[in-house]
Amino acid sequence: DARITLSVADMGAMGALTTMFNVTSSSESDGRYERVGQVDGRMTSESYDRQARTGEYSVVVGNRVVVSAEGANVSMDQLKAAVGAVNAAAIA
């Protein structure tokens, strides 16, 4: 019953705007968490519901392309692995 949907979107100039602001946030409540920040120099966003085992993970690559994974009945590690399977160096 596991499902992951992987998306790659060119945000153009809007993607560059996201990296101009060094935004960091984190919140957790009722088994659900959300985090936004920099990982390895790239803007990332993740949200996950531990009870429902649903979540989203996205990374901005090359200051304009967003690679994201959304899934159900999966772990956050599986979502991160799906995004990591995309050749970020080729995109950048």
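Colleague: Which residues does glycine 71 touch, not counting residues up to four places away in sequence?
Modeller: Taking contact to mean heavy atoms within 4.5 Å, and leaving out residues up to four places away in sequence, glycine 71 has a set of partners that includes Leu79. This is a predicted model, in which local features need pLDDT of at least 70 and side-chain atom pairs count only at pLDDT 80 or more, while totals for chains, interfaces and linings use all residues. Residues are numbered from 1 along each chain as its sequence is written, and side-chain values use heavy atoms, with hydrogens and water left out. The residues touched are Arg3, Ile4, Arg53, Thr54, Gly55 and Leu79.

Colleague: Is glycine 71 buried or exposed?
Modeller: Glycine 71 lies in strand E6, where strands (E, at least two residues) and helices (H or I, at least four) are DSSP runs numbered from the N terminus. Buried means under 20% relative accessible area, exposed over 50% and partly exposed in between, with a 1.4 Å probe and protein chains only. Because its relative accessible area is 3%, glycine 71 counts as buried.

Colleague: How far apart in space are glycine 71 and arginine 3, C-alpha to C-alpha?
Modeller: In sequence, glycine 71 and arginine 3 are 68 residues apart. In space, the C-alpha to C-alpha distance between glycine 71 and arginine 3 is 5.3 Å.

Colleague: Which residues of helix H2 are buried, and on what arc around the axis do they lie?
Modeller: Helix H2 spans residues 76–84, and its buried residues are Met76, Leu79, Ala82 and Val83. These sit on the same side of H2, because the arc, taken from the directions from the helix axis to the C-beta atoms, is only 120°.

Colleague: In what order do the elements of the protein chain run from the N terminus?
Modeller: The secondary structure of the protein chain comes to 3 helices and 6 strands. From the N terminus on, the order is β-α-β-β-β-β-β-α-α.

Colleague: What share of the residues in the protein chain is buried?
Modeller: The protein chain has 92 residues, and the share is taken over these. Buried residues make up 29%.
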